[in-house]
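These are my notes on one structure.

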Amino acid sequence: MTLENSPIEQKVMAEINSGRVRLRSKYIYLAEKLGFASVFIFTVLLAVLFFCLVLFYLKTSDNLNYLSFGSCGLLAFFESFPYLLVITFVLLVFIAGFIMKKMEISYKKPFSYLALGLAGVVILFGSALAFTDVADHIEEVAYQGHPAGRLFKPFFRGGLDERNRGLAGRVLAIEGKQMAIQTPRVVKIINVSRIENKVLNTIYPNMFILAIGEMKKGVFLVEKIKLIDPEEIPMTLRGIDRQFSGQTPPVNFPF
Amino acid sequence: MTKPNLTDEQLVSVIRESDKELYGEIIRRYQEKLSHYLRKFIRNPDELEDVLQEVFIKAYKNLYGFNIDKKFSPWIYRIAHNEAINSIKKLSNQHLSLDEQEWEIVDKKMDILEKVSSKMEREAVEKQLFVLKNKYREPLILYFFEQKTYEEISDILHMPVNTIGTLISRGKKRLRDKLDKKYDIRK
C-alpha cells in the first residue's frame, strides 16, 4: 500500500485546505499556560498566608492555652480550634496539588514527591511569614471594616467567640463565689464555687484569667482556673479592647 | 533542507509558521505507526480509520500546543492514546489480535510462556492481554509492540518513568498469572 495518496491523508488535507480545520491560535495556549501558572501561584500564596494565619491564631488566641489544664482542657481546646482556617488551608493545598497535577511537567516525578514538596514549601514559607507582622496587620484590617479585610473576619471569629467549655478574659469584679469577666464579646458572670479559696485568693480585678468548665442554666460553672499573662493571649486582649473601647462596663451580680 | 531531511519538530515549526501543506508529510510518517498502535485497541477497520483521521485532525488543530523543544512522536502518540481510550469506552465488544511479528515478540521478549504455538494458546494470550487492566496493557503494548522506550512511554501516558517500569513488570506477571489460572498454560 502506498501512503503517498492514502485516503486518510487526502481527507485530512482536504479538511485543512477547505479551512474547516484550522490551527488553534498560539495565544490560546499562551493564555492557558499563563492562566494555569497564575492560578497555581495565587493558590500557593494563599495557602502560605493561611498557614501563617493558623499559626498566628494558635499563638495569639486562648486555644492552645487550654491544653495547659491537661486532658480536662481538651473540650475547650476543640471548641476554640480554628476549624475554618485549617479547612481553608487544607483546601487550598489540595487545589494547588490538583493544578500541579494538571501541569505538563508534573508527571515526570511521582505525585507523592511533588505533593510533599508543595506541602514543605507552604509550611516553610508560612512559618517564615509568621515571624513578620503580616497576620497582625490582617487582623487589624479585618476589624477596621476595610472591604478586603472583612473577608478575613470570619476566620478570626473562632478566637473571640463565646464558649461553653472555656473562657479567657479580664477580671472586672469579684463577689463571693462569683466573678465578672470581661471577654471579647460580653461581661460574663462565672461561678467559682468549685474552686479552692487559696486559688481564688490570688485573683484580683484587672488580672487576666483562663478557665475551663461548663455552662449550667446560663451560668458558667468553673472547674479549673488560672491566672494568665495577657501577652500570652493578645488576640483576646485586642478583642476586649475593641469591644469595650477601653471602657469598664458596670457589673451587676445576679445573686 | 528538503522535507525528507527535516525532523518532525522542524516540520511542525514550518507547518505552523508558513506551509500547512507539509502536514501531509507528518501524516505519511505517522499513519502506519499510529494505525499499528490503534489496532491494539480497535479492530474494526472502519472505526480505526475514523479514529486515525480524528487523531490527525486533532493533532493539526493543536500544533501550537506542541512544545517544539520536545519530541513530536510521544506527543502525537498521546493524542492517539486518548482517542483510543475514548473509542474503547464507546465500543465494549472489541477484541485484540496480534500479527506474526508480534507473536515473535511475545515469544522472545515478553517471557510470558516458553513458546506460544497452538491456536488455543494464542487465543488465550490475546484474550487475557485485552482484558488486562488498561493501566498495565497500555505500557505493555507501547513497550513490546510499538518499541517505545520508557522515557517515550512516560511522555505518552504522562506517568513517571519508574512507574512505567513497575507497570510493565506487574503487567507481565498478571498476564502470566491469569494464563496459569484460567488456561493452565505453563512454562
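I began with the classes: Ala, Val, Leu, Ile, Met, Phe, Trp, Tyr, Cys and Pro count as nonpolar, Asp, Glu, Lys and Arg as charged, and the others, Gly among them, as polar. The model is predicted, so I noted that local features need pLDDT of at least 70 and side-chain atom pairs pLDDT 80 or more, while totals for chains, interfaces and linings use all residues. Residues are numbered from 1 along each chain as its sequence is written, chains are lettered from A and ligands numbered from 1 in the order written, and side-chain values use heavy atoms, with hydrogens and water left out.

**Cavity**

I looked for cavities on a 1 Å grid over the protein atoms alone; a cavity is a set of points where a 1.4 Å probe fits but cannot get out, and lining residues have an atom within 4 Å of a point. Points are joined across faces, edges and corners, and a volume is the space filled by probe spheres set on them. I found 1 cavity of 30 Å³ or more. The largest cavity holds about 100 Å³. I listed 14 lining residues, and A:Asp161, A:Arg163, A:Ala168, A:Thr183 and A:Pro184 lie nearest the centre. By class the lining has 5 nonpolar, 4 polar and 5 charged residues. β1(A) gives the largest share, 3 residues. Helices (H or I, at least four residues) and strands (E, at least two) are DSSP runs, numbered from the N terminus.

**Pocket**

A pocket is an open set of points with protein on both sides within 12 Å along at least five of seven lines. I read about 1500 Å³ for the largest pocket. It is lined by 38 residues, and the closest to its centre are A:Lys102, A:Met103, A:Glu104, B:Arg78 and B:His158. I sorted this lining into 17 nonpolar, 6 polar and 15 charged residues.

**Chain A against chain B**

How many residues of chain A are in contact with chain B? I counted 24, against 29 residues of chain B, with contact meaning heavy atoms within 4.5 Å. The area buried between the chains is about 2700 Å², and carbon and sulfur atoms give 61% of it. Buried area is the accessible area (1.4 Å probe) that two parts lose on being put together, summed over both.

I found 4 salt bridges across the interface, each a side-chain nitrogen of Lys or Arg within 4 Å of a carboxyl oxygen of Asp or Glu. B:Arg28 and A:Glu9 form a salt bridge at 2.4 Å, N to O.
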